Amino acid sequence: MTTRRRTASLNADRITLKGLRAWGRHGVLAAERELGQEFVVDATLFLDTAPAAAGDDLTKTVHYGELAQALTDVVAGEPVELIETLAQRLADVCLASELVRKVEVSVHKPAAPIPLPFDDVIVTIERSRV
């Protein structure tokens with residue numbers, strides 16, 4: 001039974017950080033680079049949380065406070081033209097932890113320069129450890 005629970009845990013356990021807001025200067029247009037805008041990040045990490053839970057041990061899971069800071073640093077860091085590129089950089093940060101098997105990252109750009117009414121622009125990528 002422990003083996004079954006642990007196998008299921010590998011496929012089902014997630015840590016999700018949703019709605020993380022950070023200021024960045026990403027975009028194709030010069031004004032986006034100069035003025036910047038708010039970006040919103042959602043990240044879901046897939047990992048086995050059973051070892052952390054069994055021993056109540058933070059070292060056996062992902063510290064979501066440290067993850068939030070690292071993701072914010074990427075958004076506030078070196079500008080890129082495409083939010084697809086930004087999403088990849090954020091996924092790379094999430095996968096830096098050997099505990100993370102897979103990650104899904106969404107980058108929201110709610111103030112994208114689109115001259116029509118819209119709610120949000122979102123790029124979502126999924127990456128996994130090879």
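I took two strands as paired if DSSP finds at least two bridges between them. Helices (H or I, at least four residues) and strands (E, at least two) are DSSP runs, numbered from the N terminus. With that settled, I looked up V105 and found that its bridge partner in β4 is I125.

**Ground rules.** I am working on a predicted model, where local features need pLDDT of at least 70, side-chain atom pairs count only at pLDDT 80 or more, and totals for chains, interfaces and linings use all residues. Residues are numbered from 1 along each chain as its sequence is written, and side-chain values use heavy atoms, with hydrogens and water left out.

**Whole chain.** I counted five helices and four strands in the protein chain. I read the order from the N terminus as α-β-α-β-α-α-α-β-β. The C-alpha trace spans about 55 × 25 × 25 Å along its principal axes. I then checked burial (buried is under 20% relative accessible area, exposed over 50%, partly exposed in between; 1.4 Å probe, protein chains only). Of the 130 residues, 37% are buried. The chain exposes about 8000 Å², with 54% of it from carbon and sulfur atoms; these areas come from the Shrake-Rupley method with a 1.4 Å probe, and for residues only the protein chains shown count as cover. I also looked at contacts (heavy atoms within 4.5 Å). Among those with a separation of 6 or more, 59% join residues 24 or more positions apart.

**The sheet.** I traced an open sheet of four strands, in the order β1-β2-β3-β4, with antiparallel pairing. Its edge strands are β1 (14–24) and β4 (122–128), each pairing on one side only. Neighbouring strands are turned by 15° against each other on average, direction ignored. For angles, axes are lines fitted to C-alpha atoms, for helices over the stretch in contact, and values run from 0 to 180 degrees between N-to-C directions.

Next I checked what packs on the sheet. Helix α4 touches β1 and β2 (37–46), and its direction makes about 35° with that of β1. Helix α5 (residues 83–95) touches β2, β3 and β4, at about 145° to the direction of β3.

**Strand β3.** I followed β3 to both partners. Seven bridges join it to β2, antiparallel. Seven bridges also link β3 and β4, again in the antiparallel sense. V103 stands opposite R127 in β4, and L45 stands opposite V103. Five of the seven residues of β3 are buried, so the strand is largely enclosed by the rest of the structure.

**H108.** I found this residue in β3 (residues 102–108). Is H108 buried or exposed? It counts as buried, because its relative accessibility is 12%. I then looked for polar contacts: pairs of N or O atoms within 3.5 Å where, within protein, one must be able to donate a hydrogen and the other to accept it, and residues adjacent in sequence count only if both atoms are side-chain atoms. The H108 side chain makes one with the side chain of D120, at 2.6 Å. Leaving out residues up to four places away in sequence, H108 touches F39, V40, D42, D120, V121 and I122.

**H63.** I placed this histidine in the loop between α3 (50–55) and α4 (64–76). H63 is partly exposed, at a relative accessible area of 32%. Which backbone nitrogens does its side chain reach? A polar atom of the H63 side chain lies 3.1 Å from the backbone nitrogen of G65. The side chain of H63 also reaches the backbone nitrogen of E66, at 3.1 Å.
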